[in-house]
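Dear colleague,

Please find the structure below, together with its sequence.

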Amino acid sequence: MITSQNLNQRINPPKVRDEISRLIETFNEMISRLDQSFRQMKQFSSDASHELKTPLTILKGEIEVMLRRERTSNEYQQTLTSNLEEINRMSQIVEDLLTLSKADTGEIKLNKEKINLIEVLNGVIAQMDRMARSKNLHLSASNHHEDIHLFADALRLRELFINLIENGIKYTEEGGSIRVIIEKEFLPPVTDQSDRAERERRESVKIIVSDTGIGIAKEDQERIFDRFFRVDKARSREQGGSGLGLSICKWIVEAHQGEIEVESELGKGSSFTVRLPLCPF
């Protein structure tokens, strides 16, 4: 009997190719998908528990040390400041978890309307430039003067690009740079009316957020959008990341019928490419 405890088992199909064998193959494929889903759920629960346990352990340890003897007001203030940082970190993790949970169940409704992508990007770049300059980084944009219209949720797109640019700032050393490049992508011209409609539907804009940072190893690039996956767990946690930012980016892009991918090389930087369909009207 195949249960949730032994989803690695399969039914051996008969050698004869008939409807029964095809049915068994379909059933085995379904079991494989279930097995993968159960594994992902188990890993997700383990990762979430670990991410929340770490700040709680820090909080508990700091408070226990402070209670061992009388402390100065300065020592109390330092501990409370550290406690607040850990509480803020937990709050961010919980908030991101709720966002992804609602996204999985379809509870989040996008407020889509015709928007100017360039206005959204220019606003984000102006906002993130302060953070970049505080780390002596150069943040720039290319091809961001021509209006580009999308049918999209402006607030979610802001969240997407803030996450990507912030990610570049975090993992780029002082003196480096982050660049945002905007390019329209067009299919070849057509004459048939039905093909024209399909071409218009598939025309898109490509937004590339690249940095000169530490880069991502090739074996890690396939998992970079997984929930709680960190290339450098200790370093990421020190910088305040929840490990869910890129997962949220992926959801936002896919909710807009787009695609996101990464290209990176260790020591040379990373490029995140987002493709979004242009507004059809």
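**The sheet and its strands**

Lys206 stands opposite Arg275 in strand 7. Please keep in mind throughout that this is a predicted model.

The pairing of strand 5 with strand 7 is antiparallel and extends over 7 bridges. In general, the strands of a sheet pair through backbone hydrogen bonds, and they may do so in a parallel or an antiparallel manner. Here the strands belong to an open sheet of 5 strands, arranged in the order 2-4-5-7-6 with mixed pairing. Its edges are strand 2 (138–142) and strand 6, each of which pairs on one side only. On average, neighbouring strands of this sheet are turned by 15° against each other, with direction ignored.

Strand 4 (residues 177–185) and strand 5 (residues 204–211) also run antiparallel, and 8 bridges join them. Within this pair, Glu183 has Lys206 of strand 5 opposite it. Strand 6 and strand 7 make a hairpin, with 3 residues between them. In its turn, Gly267 has a positive phi of about 80°.

Helix 4 lies across strand 2, strand 4, strand 5, strand 6 and strand 7, and runs at about 170° to strand 7.

**Helix 4 and helix 8**

On the side of helix 4, the contact is made by Arg156, Leu157, Glu159, Leu160, Asn163, Leu164 and Asn167. On the side of helix 8, the contact is made by Gly245, Leu246, Ile248, Cys249, Trp251, Ile252 and Val253.

Helix 8 (residues 245–255) is mostly covered, with 8 of its 11 residues buried. The buried residues of helix 8 are Leu246, Ser247, Ile248, Cys249, Trp251, Ile252, Val253 and Ala255. Their cover includes helix 2 (73–104), helix 4 (154–170), strand 6 (259–265) and strand 7 (269–277).

After helix 8 comes Gln257, which is placed in the loop between helix 8 and strand 6. Gln257 counts as exposed because its relative accessible area is 57%, and the cut-off for exposed is over 50%. Asn136 likewise has a positive phi near 60° and is a residue other than glycine. Asn136 is found in the loop between helix 3 and strand 2.

In soluble globular proteins, nonpolar side chains tend to be buried together. The largest nonpolar core in this model has 52 residues, of which Leu150, Leu157 and Leu164 touch the most other members. Helix 3 (residues 117–134) supplies the largest share of this core, 8 residues. Leaving aside residues up to four places away in sequence, Leu157 touches Ile115, Leu117, Val120, Leu150, Ala152, Ile252, His256 and Leu276.

**Cysteines**

How many disulfides does the structure hold? A disulfide is a covalent bond between the sulfur atoms of two cysteines. The structure holds 0 disulfides. Are Cys249 and Cys279 buried or exposed? Cys249 is buried because its relative accessibility is 0%. Cys279 also counts as buried, because its relative accessible area is 14%, and the cut-off for buried is under 20%.

**A contrast in exposure**

His50 belongs to helix 1 (residues 19–66). His50 is only partly exposed because its relative accessible area, 43%, falls between the cut-offs of 20% and 50%. His50 and Phe228 are 178 residues apart along the chain, and their C-alpha atoms are separated by 9.8 Å.

Yours sincerely

How values were computed. Residues are numbered from 1 along each chain as its sequence is written. This is a predicted model: local features need pLDDT of at least 70, side-chain atom pairs count only at pLDDT 80 or more; totals for chains, interfaces and linings use all residues. Side-chain values use heavy atoms; hydrogens and water are left out. Helices (H or I, at least four residues) and strands (E, at least two) are DSSP runs, numbered from the N terminus. Buried means under 20% relative accessible area, exposed over 50%, partly exposed in between (1.4 Å probe, protein chains only). A nonpolar core is a set of buried Ala, Val, Leu, Ile, Met, Phe, Trp, Tyr and Cys residues joined through side-chain atoms within 4.5 Å. Contact means heavy atoms within 4.5 Å. A disulfide is a pair of cysteine sulfur atoms within 2.5 Å. Two strands pair if DSSP finds at least two bridges between them. Axes are lines fitted to C-alpha atoms, for helices over the stretch in contact, and angles run from 0 to 180 degrees between N-to-C directions.
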